[in-house]
Amino acid sequence: MVPDKVAAVLTTLLDGRAFGEKHGKNAATVVALHGWARNRSDWGSTLEGLDALALDQPGFGATPAPDEAWGSKEYAEWLARILEDLDRPVLVGHSFGGRVAVQLAASRPELVRGIVLTGVPLFRPKTGGKPKPAYRFGRWLHGKGLIPDARMEALREKYGSADYRNAKGIIRDIFVKVVNESYADQLAAIPKNLPVRLVWGENDTAAPVWMPGEAMEILGENATLEIVPGSAHLLDAGLVKSLRGSIDELRTF
């Protein structure tokens, strides 16, 4: 039987410090976290027909940015205040949202029934090299007070990643903090009786498949890994189908 379609509704949470899109008629049994520079709308196809909540994380979509540079730990603390009002939903995280989901599962596992992760940079890249010599030299000059802030900012704009260049103000500070995080300790802290489902695009270059492979070695028997052929980092039809399968499994776990 096909579930009745109910229009998603923008919901205010935490006295205006959080916004999300509510799917379905009843309390959310699934909570979804989007990736960096994305928003709640990414989850429309995945959550169709479910009682679910797709959140805008602070600094993205409708949710205001924090007053200081948060790491994933502070984002997880923000998330915990929302989950405390729900009955152990399945937590789903894509990319940056998965960083937050891992932190939450490690620190407050009693708040969730299980977690589903996709495209999450769980570890620092094994390759990538040092910044360009011109940037490193400019950074040294700036540290010595020999070039002004405006010149240093121009170098950052020239040599930084697209995500770095597009981030402004406090969001750029958050980006720098988060991309330097790694989650081996948090993965190890997730209780072995909390189910974890890793659903990964075969061609993901932002979070290559060696990352979930290494995560599986840490997580143990209660985790599974599905590699989706042909998919990459963003939520295409193949990933959506596999994510939905994992979500439906954990909803009845």
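**Notebook: salt bridges and the fold around them**

For the notebook, a salt bridge is a side-chain nitrogen of Lys or Arg within 4 Å of a carboxyl oxygen of Asp or Glu. This is a predicted model, where local features need pLDDT of at least 70, side-chain atom pairs count only at pLDDT 80 or more, and totals for chains, interfaces and linings use all residues. Residues are numbered from 1 along each chain as its sequence is written, and side-chain values use heavy atoms, with hydrogens and water left out.

**Helix 9**

Helices here are DSSP runs of H or I with at least four residues, strands are runs of E with at least two, and both are numbered from the N terminus.

Asp-248 also has a salt bridge to Arg-251, with the closest N and O atoms 3.4 Å apart. That pair lies in helix 9 too, 3 residues apart, again about one turn. I looked up accessibility next: Asp-248 is partly exposed because its relative accessibility is 30%, and Arg-251 gets the same label at 34%. My cut-offs are buried under 20% relative accessible area, exposed over 50%, and partly exposed in between, with a 1.4 Å probe and protein chains only.

**Reaching across to strand 7**

How far apart are the closest N and O atoms of Arg-197 and Glu-249? They are 2.9 Å apart, and the pair forms a salt bridge. This one links distant parts of the chain, since Arg-197 is in strand 7 (residues 196–201) and Glu-249 in helix 9 (residues 237–251), 52 residues apart. Arg-197 counts as buried because its relative accessibility is 6%, whereas Glu-249 is partly exposed at 35%.

I counted up the rest: the structure holds 10 salt bridges.

**An arginine without a partner**

I then went to Arg-99, in helix 2 (residues 96–107). Arg-99 is buried yet has no salt bridge; Glu-181, the nearest side chain of opposite charge, is 4.8 Å away. Which residues does Arg-99 touch, leaving aside its neighbours within four places in sequence? I found contacts with Ser-72, Val-120, Pro-121, Val-178, Val-179, Glu-181 and Tyr-183. Contact means heavy atoms within 4.5 Å.

**Gly-44**

Gly-44 is in the loop between strand 3 (30–33) and strand 4 (52–56). I put it down as partly exposed because its relative accessibility is 27%. Gly-44 and Val-240 are 196 residues apart in sequence, but their C-alpha atoms are 9.8 Å apart in space.

**Whole chain**

I count 9 helices and 8 strands. The radius of gyration is 19 Å, close to the 18 Å that the globule rule gives for 253 residues, so the chain is as compact as a globular protein of that length. That radius is taken over C-alpha atoms, and the rule is 2.2 Å times the number of residues to the power 0.38.

The C-alpha atoms fill a box of roughly 70 × 40 × 30 Å along the principal axes. I noted that 47% of the 253 residues count as buried. Of the contacts with a separation of 6 or more, 67% come from residues 24 or more positions apart.

Definitions and conventions
Lys, Arg positive; Asp, Glu negative; His and termini not counted.
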